[in-house]
Structures are given as structure tokens and as C-alpha cells.
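Then turn to one residue and to the domains.

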Amino acid sequence: MKIHEYQAKEIFGKWGIPVPNGRVATDPDEAGKVCEMINGPPWVVKAQVHAGGRGKGGGVKVVMEKDAVVSTAKSLLGSSLVTPQTGPEGVKVNQVLIEEGVDIDREFYLGMVVDRAAAMPAMIFSPAGGMSIEEVAAQTPELIWTECVDPATGWMPYQARNLAYRLDPLPSTETLRELINVMANLYKVFMSLDCSLVEINPLIITKAGKVLALDAKLNIDDNALFRQKEIVKLEDTSGTDPLELTAAAYNLNYIRLDGNIGAMVNGAGLAMATMDLIKGAGAEPANFLDVGGGATEEMITKGFEIILGDDRVRAILVNIFGGILRCDVLARGVVAAAQKSRIQVPLIVRLEGTNVDEGRKILEGSGLKFLVAKDLSEAAGLVAAQVSGESGS
Amino acid sequence: MSILVDDKSRVVVQGITGREGTFHTKQMLAYGTSVVGGVTPGKGGQVAEGVPVFHSVRDAVEREGADVSCIFVPPPFAADAVMEAAASGIKVIVCITEGIPTLDMVKVDRFLKDRDVVLIGPNCPGIISPGKTKVGIMPGDIHRPGRMGVISRSGTLTYEVVGQLTGVGLGQSTCIGIGGDPIIGSSFIDHLNRFKDDPETNGVVLIGEIGGTAEEEAAEYIKASFSKPVTAFIAGKTAPPGKRMGHAGAIIAGGKGKAQDKIKALKAAGIAVAPSLAELGKTVLKVMGRI
């Protein structure tokens with residue numbers, strides 16, 4: 001789960017990571033009032049959306065007059081912000097954060113992730129702040145400094161010193177003390193809130209020698225939301241695809257893609273492989289949909305509803321490997337769901353596994369126009385035929 | 001021979017009285033697995049599916065000599081269940097549970113580090129040595145005893161692969177689902193290392209997916225020190241970056257974990273990668289010199 005920058009900064013403030021003074025506004029008038037409460041000029045107006053690269057997309061503006069704060073807020077609020085990380089349709093801006101401008105002396109990157117290979121949280125510090133950390137990693141990997149945290153001890157002061165004392169030139173003693181403090185507090189935030197990612201980019205030293213988190217990105221491990229009730233309240237789903245929201249409500253893993261062949265599969269790995277198969281057949285998948293390894297008739301019905309909620313879908317491929325759940329049961333589910341959902345597009349069904357013959361008989365005897373594929377290559381072929389048929393018409 | 005489990009394995013099911021635990025205990029017993037006990041704290045002394053239930057894993061180990069555990073405990077309590085099994089002397093822990101918080105797994109990983117125990121999973125279908133024993137949730141009847149080892153990050157995708165292997169006449173020595181989470185107990189390399197020394201395994205099928213770098217690491221290991229033929233398949237060539245594709249660990253993040261990079265690394269190590277799932281069985285036959 002992602003939260004907005006202003007929410008992450010409120011959390012930082014509570015946990016002893018200094019942030020610039022700022023407030024969020026949802027309409028231009030409010031933006032005007034907010035800027036009277038905050039030191040300036042300059043002020044910084046920042047669009048609050050769940051996407052990186054906001055600066056490049058015009059979502060961050062530095063302005064020198066109160067009127068400009070209001071007009072910038074007006075132009076951002078309600079608009080769609082397109083950044084390098086959004087699709088061409090962008091994401092709608094519902095809130096702007098207005099902050100005091102600060103005099104930047106130096107910019108760093110500070111973040112934490114779980115290092116999968118080491119199976120430990122890792123603090124990442126880089127003197128190359130303000131730019132994409134992926135770019136830094138690719139171009140100047142020697143500027144990425146990492147400390148893994150042993151869960152038996154937690155974050156230790158020597159680790160902070162290992163990172164901070166590599167800076168050249170070395171900041172003042174007081175600034176170093178603040179920086180080391182920020183690292184310790186960032187670790188506490190990461191662990192206490194079950195984060196999967198925390199990033200401060202840039203973390204700055206002001207001309208006055210103060211350490212400040214100028215930006216804040218905080219993602220929470222979805223698996224831990226059951227024990228992060230306060231964080232769950234911060235969720236803003238306004239920028240999320242409505243079909244993805246519906247799917248989540250039914251515990252289905254659905255991700256909308258750009259193609260026109262809908263896919264419904266049981267199991268995540270098989271669903272990914274099926275998407276690849278559609279692409280390999282010369283078509284484009286419209287979605288990833290995993291109805292779960294133990295899919296039921298109800299899950300399949302919901303799956304159809306979600307796929308059909310996407311009006312670009314021209315054909316649907318159902319790929320089910322019946323295991324513990326037998327193919328005959330699944331076939332009945334597909335037939336019932338297909339009848340209920342009144343599917344108007346061609347439906348290619350590939351069933352395999354336990355009781356497969358019985359399952360295929362049920363599909364063939366249903367009177368519905370299924371294209372039954374006996375294996376994956378036939379399924380791919382049928383998808384391809386569907387696509388070429390369409391381009392020929 | 002098989003690796004990790006065989007017909008002598010004595011299995012305890014943690015969470016045996018839950019819905020999943022009950023159902024799969026029945027399935028495992030039907031397959032011939034020696035399920036010697038179950039654990040549900042507070043329900044010790046009861047009998048579930050004809051199997052004695054204990055308050056603790058320690059009791060199941062002491063009274064029934066359990067040495068393998070299969071965990072169906074819900075996510076909030078699963079990390080504790082894994083540690084309980086390890087502390088009680090279980091040698092092979094199979095954790096089926098999906099949805100364990102990553103930071104819980106950080107602790108589990110640290111806890112297991114200096115102990116003589118193997119964790120398979122979490123978020124996995126388990127392990128099966130066809131004809132001998134099944135510790136997990138995979139459909140037993142698609143498997144055939146044979147000489148192929150299978151290691152996979154996935155569930156139904158593994159069934160698909162095993163179905164194809166059986167279909168082309170290649171039986172399996174042991175099939176292991178290592179799990180789809182970012183932090184898992186044992187890796188491709190851990191199990192490759194075991195298959196290396198198993199005289200009854202002639203070749204291995206490795207099924208990976210997007211996210212992390214486990215496949216790249218496996219490729220390096222195979223190139224350096226694994227001489228049996230390996231066939232690989234990687235799912236998620238069409239997965240968009242930044243989206244969690246069902247499995248918590250299946251995500252392309254920060255430009256890392258792309259299927260294309262994994263395929264490239266595997267091919268560079270001389271490993272045959274099936275171009276599509278539909279062609280996997282055929283690819284394995286070719287690699288094994290059967291066509």
C-alpha cells in the first residue's frame with residue numbers, strides 16, 4: 001500500500017525526522033489560506049499522487065507570490081498529472097502540499113528496503129541525492145552505500161557512522177549528529193510500520209546546517225496491513241483503477257493491462273505464463289487475473305464480471321489447471337458464470353488436470369459457444385486466430 | 001532416492017483443525033503420507049482425520065517422532081509456528097501459508113540460520129516425492145515416480161509443468177515449490193545442491209518468475225558447479241514494472257527482476273529456456289536427449 005507524501009511527512013514528524021513546514025490543501029482558496037500560515041516566499045506547491053517523477057511531470061512548482069500559490073493549486077487540483085511513471089492518461093490530483101521553500105546546501109538519498117537475497121532490511125545512503133536512485137545505481141554504483149540490519153540487534157550506531165562518515169567533505173559535527181539521528185529514526189519507522197520501502201530523496205542539509213527530509217515516500221507491506229490499522233485509514237484509492245478495486249474487494253488479483261485479450265487463470269505463476277502465451281501468439285493481454293489456486297465457481301463468476309467490465313476485451317482465454325479442485329466442478333462454474341454474465345465475445349477455454357474429460361464434456365454439452373482447447377499450444381493458436389480474424393474484418 | 005522427504009518421513013500438520021489443514025491432511029493421508037500428528041494449541045487430546053492432535057509441536061515430536069512439519073497456520077501466527085517447529089527438532093518445515101508479513105520472515109530467516117533445519121516456502125505448494133510421500137497441497141495424481149527434479153516459485157504453474165512432464169513420459173524424483181514470497185526459507189541453489197548428490201535425479205526443471213534475482217544466482221551456481229542437465233522456464237515476460245503480480249515476490253522494482261534479464265542469465269550459463277509454457281515438455285525432452 002502506498003501513502004501520499006504529506007501523510008508520510010506527518011509520520012516522519014512524529015518519529016523525529018525533520019520535514020519542512022507545510023500543509024495540504026484540497027482547493028485553491030484553502031491553498032491561499034495555508035500559505036499565510038507558512039513562511040515564505042518562496043513556497044513549494046507539490047501535487048499529491050501515487051506516482052514518482054512528479055517534478056518531471058510539472059507536479060512540483062516553486063512560486064514567489066501568494067497569488068501564484070493559489071493559481072498553481074488551481075491548475076494542479078482536478079487535473080491529470082502525467083509523469084514518467086504514469087500511463088499517458090496520468091493520475092488525477094486531489095490534494096496539493098504547500099511547503100516553505102528552503103535553502104539547499106547539499107542533497108542526499110536515504111532509503112530503506114528489504115534486501116531479498118540477504119533477508120534483512122537494508123539502509124541505503126547516497127551522496128547523489130535528488131536524482132533517480134536507479135540511475136545512480138546504473139551509472140555510479142560506487143555512490144550507493146548500504147548497511148544491512150541484523151534483526152537480532154536492530155540498527156546499530158556504528159552502521160550510521162559507516163554511512164555518514166563516508167561523506168566528503170564531512171558536514172559539521174552537529175549536522176552529522178542530526179543525520180545519524182535521522183537514520184536511526186528512519187529504521188524505527190520502517191520496522192514499526194511494516195514498510196516495504198521508505199525513501200527520502202532528497203534528504204538535504206540546509207545552508208543553516210539543518211537536516212531536512214524534502215521528499216517522503218513510504219510503502220507498506222500489504223501482508224502486514226492486518227496489524228497496521230492506523231495506516232490503512234490513510235489509504236487513498238482515488239487514483240486506483242476501479243476494476244482493480246472491485247477485484248481487490250473480492251480477493252482477486254487483477255491488474256489491468258493495455259491489450260484486448262482477457263485472461264482468467266487460477267494461480268499467479270500460471271496467470272503470468274498465460275499472459276506471455278497470449279503475447280507469444282501475437283495478441284496483447286488485457287489483464288492479469290489470478291482467481292486463486294483453489295478457485296471456486298463464485299470466484300470465476302466475479303472474474304468474468306471484472307474482465308467484462310473492461311470494454312476493450314475482444315476475446316477471453318480461460319486457463320485452469322484443476323488440481324484439488326476438479327475440472328468437472330470448474331467446468332460447471334465456467335458454464336454457470338458464462339450464462340450469468342452473458343458473454344458476447346469469444347471464449348476460449350483450456351482445462352487440464354483432475355477429471356478433465358468430464359470437464360470438457362460439460363463445456364461441450366452446455367450449448368454455449370466455447371472454443372475448447374486441449375492444450376496450451378492449441379489455446380495459443382485459438383487466441384491468434386481470434387486476433388487475425390479481427391484484423392481481417 | 002528422493003531429496004528431503006521419503007516414505008519414512010513422519011509428518012506433523014500445524015493447524016490441522018483449520019479448514020485447509022483438515023482438507024489437506026485427508027488428501028495427504030490418501031496419498032500415503034505418514035501423517036503422525038497434528039498441532040492446534042488448546043485442542044490437544046482430540047483426534048482429527050484419525051490423527052492425534054497435540055497442543056505443541058514438541059509433544060508431536062516426543063510422542064510420535066515427527067520429523068517433518070506442514071504448516072497451515074494463518075499469516076499472523078505463521079512465523080511463530082515455523083520457529084516452534086524448528087525449536088522442537090523438526091528437520092524439514094513446509095510452510096503453505098500465504099500472506100506472512102515480510103518483516104516476520106526476516107526474523108524467521110535469522111532464527112533458522114544456525115539450526116539444522118530446512119524451510120520450504122512460505123506461500124508454496126510444498127514438496128512431493130511421487131510414489132513415496134506428499135507434504136503439501138499439490139494434486140498427487142498428476143505426478144509419476146521418475147528421475148526429474150522440479151524446483152519452482154509457483155503453485156498451479158508447477159502442476160502444469162509436472163502435468164507436461166508426466167504427459168511426455170518423464171516421471172519425477174522430487175518436486176519442490178519454494179514459494180512466491182520475497183523472503184523464502186530455501187532457494188533454487190539450496191535444492192539444486194541436493195539434487196546434485198541424488199543418484200536418482202537425472203535432470204532438473206527450474207521454474208522461475210519475475211522479481212528478485214534468485215534465477216540469476218541459480219544460473220551462476222549451475223554454470224560453476226552443477227553438471228546435470230537443467231531446463232528452465234520464466235513466467236512474466238509481459239508483466240509491467242511496479243505491479244505485484246499475485247505473488248508478493250513477483251514484482252519488477254527499481255529496474256530489477258525482469259523476466260528478460262533472468263532468461264538472458266540462464267542462457268548465458270548454457271541452460272535451455274523453454275520459449276513458452278506450451279513448449280516446456282518438448283524442451284525438457286530435447287535437453288534430456290529423448291528426442
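In this predicted model, Asp222(A) and Arg244(B) form a salt bridge through their side chains, with 3.8 Å from N to O. The interface of chain B and chain A holds five salt bridges by the rule applied. Twelve residue pairs are in polar contact across this interface, with both residues at pLDDT 80 or more. On the side of chain B that touches chain A, the elements giving two or more residues are α1 (19–31), α4 (102–113), α5 (156–167) and β13 (230–235) of chain B. The largest share comes from α4(B), with seven residues. Sorted by class, this side of chain B has 26 nonpolar, 17 polar and 14 charged residues.

The size of an interface is often expressed as the accessible area that is lost when the parts come together. For chain B and chain A the buried area is about 3800 Å², 66% of it on carbon and sulfur atoms. Of the area that chain B buries against chain A, 18% is supplied by Leu103(B), Thr156(B) and Thr238(B), more than by any other three residues. In residues, the contact takes 57 from chain B and 45 from chain A.

Within chain B, Glu215(B) lies in helix α7 (residues 214–225). Is Glu215(B) buried or exposed? Its relative accessibility is 0%, so Glu215(B) counts as buried, the cut-off being under 20%. The side chain of Glu215(B) makes polar contacts with the side chains of Arg153(B), at 2.7 Å, and Lys262(B), at 2.6 Å. Leaving aside residues up to four places away in sequence, Glu215(B) touches several residues, among them Phe188(B), Ile234(B) and Leu266(B).

Chain A is assigned domain 1 (1–19 + 103–238), domain 2 (21–101) and domain 3 (242–392). The C-alpha centres of domain 1 and domain 2 of chain A are 23 Å apart, and their contact takes 13 residues from domain 1 and 13 residues from domain 2. These two domains of chain A bury about 1100 Å² between them, with 39% of it on carbon and sulfur atoms. His4(A), Glu5(A) and Tyr6(A) supply 47% of the area that domain 1 buries against domain 2, more than any other three residues.

Between domain 1 and domain 2 of chain A the rule finds five salt bridges. The side chains of Asp215(A) and Lys46(A) also meet in a salt bridge, at 3.9 Å from N to O. Ten residue pairs are in polar contact between domain 1 and domain 2 of chain A, both residues at pLDDT 80 or more. On the side of domain 1 that touches domain 2, helix α1 (residues 5–14) of chain A gives the largest share, three residues. By class, that side of domain 1 has four nonpolar, two polar and seven charged residues.

Methods: Residues are numbered from 1 along each chain as its sequence is written. Chains are lettered from A and ligands numbered from 1 in the order in which they are written. This is a predicted model: local features need pLDDT of at least 70, side-chain atom pairs count only at pLDDT 80 or more; totals for chains, interfaces and linings use all residues. Side-chain values use heavy atoms; hydrogens and water are left out. Contact means heavy atoms within 4.5 Å. Buried area is the accessible area (1.4 Å probe) that two parts lose on being put together, summed over both. A salt bridge is a side-chain nitrogen of Lys or Arg within 4 Å of a carboxyl oxygen of Asp or Glu. A polar contact is a pair of N or O atoms within 3.5 Å; within protein, one must be able to donate a hydrogen and the other to accept it, and residues adjacent in sequence count only if both atoms are side-chain atoms. Helices (H or I, at least four residues) and strands (E, at least two) are DSSP runs, numbered from the N terminus. Ala, Val, Leu, Ile, Met, Phe, Trp, Tyr, Cys and Pro count as nonpolar, Asp, Glu, Lys and Arg as charged, and the others, Gly among them, as polar. Buried means under 20% relative accessible area, exposed over 50%, partly exposed in between (1.4 Å probe, protein chains only). Domain bounds come from an automatic or database domain assignment.
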